[in-house]
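Let's take a friendly walk through this protein model, one feature at a time.

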Amino acid sequence: MELQLLKCPGCGANLPPPASANGILTCAYCGAMVSAKGVAVWPKPARPADDPPFAPDRPRVTVAGTRYVLLGRLGQGDSCDVFLARRDARITEMVVLKVARALWDADLVAREYEILEEFQGSSAQGAEHFTRLLPQPVARGKVKDPVGTSRAAAVYRWSSGFQHSLTELRQVYPEGIDPRAAVWMWKRALEVLGFVHRAGYAHGAVLPPHLLVHPRDHGVMLVGWAGAVQYRTYLPVASASKSHADFYPEDILDGATPTPATDLVMLARTLAWVLGGTAATGLAPSRVPEPLFVLLRDQARLERGAVVDAWSVKEDVSRAALEAFGPPRFVPFTLPGWR
Amino acid sequence: MGYGSYSSQAHEALIQARGTLSRQVLFRQERCHPLMDPRGVNWRESRDSEVHPTSLGIIFALDVTGSMGDIPELLARRGLPSFMRALLDAGVTDSQVLFMAVGDANSDRAPLQVGQFESNERQMDQWLTSSFLEGGGGTPGHESYELAMYFAARHTDLDCFRKRDRRGYFFMTGDERPYPFVSHAQVAALMGDGLEKDLPVQQVVDELQRAFEPFFLIPDLARRRNCERYWRELLGDRVICLEEPGDCVDVTSSLVGLCEGAIADIDALARHLEREGRDRSRRGAVIRALTPFAATLGRDGTPRPRLEDEHLPIDDATSGHQRLAPRDGR
């Protein structure tokens, strides 16, 4: 079949001879696409690149070859700044970008990413369900900050609605949150820890800034995995948060390996604190009903060698809640901005 | 194509009649139906007509290898009428649906089968049930999804896009990864196209999204692990993980509803599904599957996170961490 030389219907430029009768040509001048038979397929440029850019005034950063639009800073941790970002393309992805503020802590960023990668590949019971409730790794690499310093960065998938840490809850409710809300937070956190322990890991840093809640769906997400270790390896946690020393059992700060019991102690201390009590003792205020008060206190003093299972503690929590509040029912928990 | 109009009652009646038929009777093809052979097809067209002045092209590219054949069967038995009804409820009146069946070009006899865009229930159903559920599949970890995307990108023409600048929808189901390149040899053998060289799958996605909103649906959580990361690199938040294959219809119709603005946000979707009579657990599953994508549209029904207007840090701050040494010098 003879192939004719075509002119672009968009701008009139000559097009190169087509390679085949069914081929599609792209005009080098205006970007129009034309079928080799001369029928204009897309007479005007409609390339994704021609879509208006998303939020053109926001800064862009590149991690591992992918460019992201920084939407704003979600918060600051002990060594990282955490940003909400989205892939800078029409087919996008919402992500959380974690960038080391303290350059010395680059290894912690890498370590956290590796551990979360291991979880995503875990075959422990319940992995299909629980890996969705852990931060999901997207990419890691270096980013250049505005003055040109290169910083360690990790990208995780954004989980809609998980935007309030327990630290923030205590700011909103200085007197402490509703004990009935503390019950679901405790149970959800115990479920995740149950999976994590079964997979052979201890989190090692169950602290208020590392527990994020979804107030509407009563969900809890556990972040801050840089300190997690496989508890059978006898390695210590790499680091501890200086500002949260009260939440750690003393032996951890001495360099002991965290165990499942360590996580349960830290979780109880965290909840006692967010209820308005003191972390170091795990004592909640007296308005917290007796059964919960006692359970929190006992959990906060667990021995490190204690043989405990997060799932059985969850049953204890349910029993204490039944005793304190009667049969479970949905009690809305609100934060500013939420209906 | 695309003549005739959609009747929900007729469609229901059609579905009712096949309640007890086995898969073999329902999908009786034993080879690629000659009309579904992509060889030599120039264009599959979704056109406006007097009956359908505002057509909207929708492609279902269904993986028919191995256990993935469940989804075409689900659609044929009960899914398709509720998909169409949900679109009508969502204000999408002139949808035109094309079915593709996807297999593996290295080992299947019919790795790509292509129907036509149809608005009429009988024809739509006919294309679906004319698919040959070969049930094969080959190289572990890969299927020829890239060929389906290539066909949709280069061999379809949509009036909704051409005349109204509105993209159609491309839904693909699957549980494996695509091959990284569209092979020019396979394209020549299957469709008769001459490509000068292999096309990277990334470029095919880029071409596909000119005229389509592409989505990839993974049928259950256990199969996420095979392929989710890979597809997310290609399609970002448009990779949707279902909790069970039966949610496919609710998820796809809700995606169209959300994108077209007929469903305002996830809360509105929850109410919509409740009206449709979905039980609590199915509603939850559909909402969990769709929330990440809804968040990219700003329609996840949660308040916008409080964000500080900051760029990356520039100073080397002191660490808030205390480094711990192993006890006993271990």
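In this predicted model, helix α4 (residues 179-198) of chain A and helix α8 (residues 310-325) of chain A have axes that come within 8 Å and cross at roughly 165°. Angles over 145 degrees count as roughly antiparallel, and α4(A) and α8(A) are therefore roughly antiparallel to each other. Their crossing is left-handed. On the α4(A) side, the residues making the contact include Pro179(A), Val183(A), Trp186(A), Leu190(A) and Phe195(A). On the α8(A) side, they include Ala310(A), Trp311(A), Val317(A), Ala321(A) and Phe325(A).

Why describe the pair in this way? Two packed helices are described by the angle between their axes and the distance between the axes.

From α3(B), the contact is made by Pro72(B), Leu75(B), Ala76(B), Leu80(B) and Met84(B). From α4(B), the partners are Met124(B), Asp125(B), Leu128(B) and Thr129(B).

Over all chains, the count comes to 50 salt bridges.

| Salt bridge | N to O distance |
|---|---|
| Asp145(A) and Arg151(A) | 2.7 Å |
| Arg223(B) and Asp220(B) | 3.2 Å |

In chain B, Asp125(B) and Arg18(B) are buried, as are both Arg223(B) and Asp220(B). Salt bridges can also share partners: in chain B, one network joins Glu45(B), Arg47(B), Asp48(B), Asp157(B), Asp159(B), Arg162(B), Lys163(B) and Arg164(B).

Some helices of chain B are well covered. Helix α5 (residues 145-154) of chain B has 10 of its 10 residues buried, so it is largely enclosed by the rest of the structure. Among those buried residues are Tyr145(B), Leu147(B), Met149(B), Phe151(B) and Arg154(B).

Helix α10 (residues 248-259) of chain B is mostly covered, with 11 of its 12 residues buried. The buried ones include Cys248(B), Asp250(B), Ser253(B), Leu255(B) and Gly257(B). From its first C-alpha to its last, α10(B) reaches 17 Å, close to the 16 Å expected at 1.5 Å a residue. After α10(B) comes Gly261(B), whose phi is positive, near 80°.

Which residues other than glycine have a positive phi? Two of them are His218(A), with phi near 55°, and Asp165(B), with phi of about 60°. His218(A) sits in the loop between β12 (211-214) and β13 (219-222) of chain A, and it is buried, with a relative accessible area of 9%. Asp165(B) is found in the loop between α6 (159-164) and β7 (168-173) of chain B.

Finally, step back to chain A as a whole. It has 8 helices and 15 strands, and 58% of its 339 residues count as buried. Among its contacts with a separation of 6 or more, 57% come from residues 24 or more positions apart. Towards the end of the chain, Gly337(A) lies in the segment after α8. Gly337(A) is exposed, with a relative accessible area of 61%. In sequence Gly337(A) and Pro215(A) are 122 residues apart, while in space they are 11 Å apart, C-alpha to C-alpha.

Definitions and conventions: Residues are numbered from 1 along each chain as its sequence is written. Chains are lettered from A and ligands numbered from 1 in the order in which they are written. This is a predicted model: local features need pLDDT of at least 70, side-chain atom pairs count only at pLDDT 80 or more; totals for chains, interfaces and linings use all residues. Side-chain values use heavy atoms; hydrogens and water are left out. A salt bridge is a side-chain nitrogen of Lys or Arg within 4 Å of a carboxyl oxygen of Asp or Glu. Buried means under 20% relative accessible area, exposed over 50%, partly exposed in between (1.4 Å probe, protein chains only). Helices (H or I, at least four residues) and strands (E, at least two) are DSSP runs, numbered from the N terminus. The expected span of a helix is 1.5 Å times one less than its number of residues. Contact means heavy atoms within 4.5 Å. Axes are lines fitted to C-alpha atoms, for helices over the stretch in contact, and angles run from 0 to 180 degrees between N-to-C directions. Angles under 35 degrees count as roughly parallel, over 145 as roughly antiparallel, 65 to 115 as roughly perpendicular and the rest as oblique. A crossing is left-handed if the near helix is turned anticlockwise from the far one by less than a right angle, and right-handed if clockwise.
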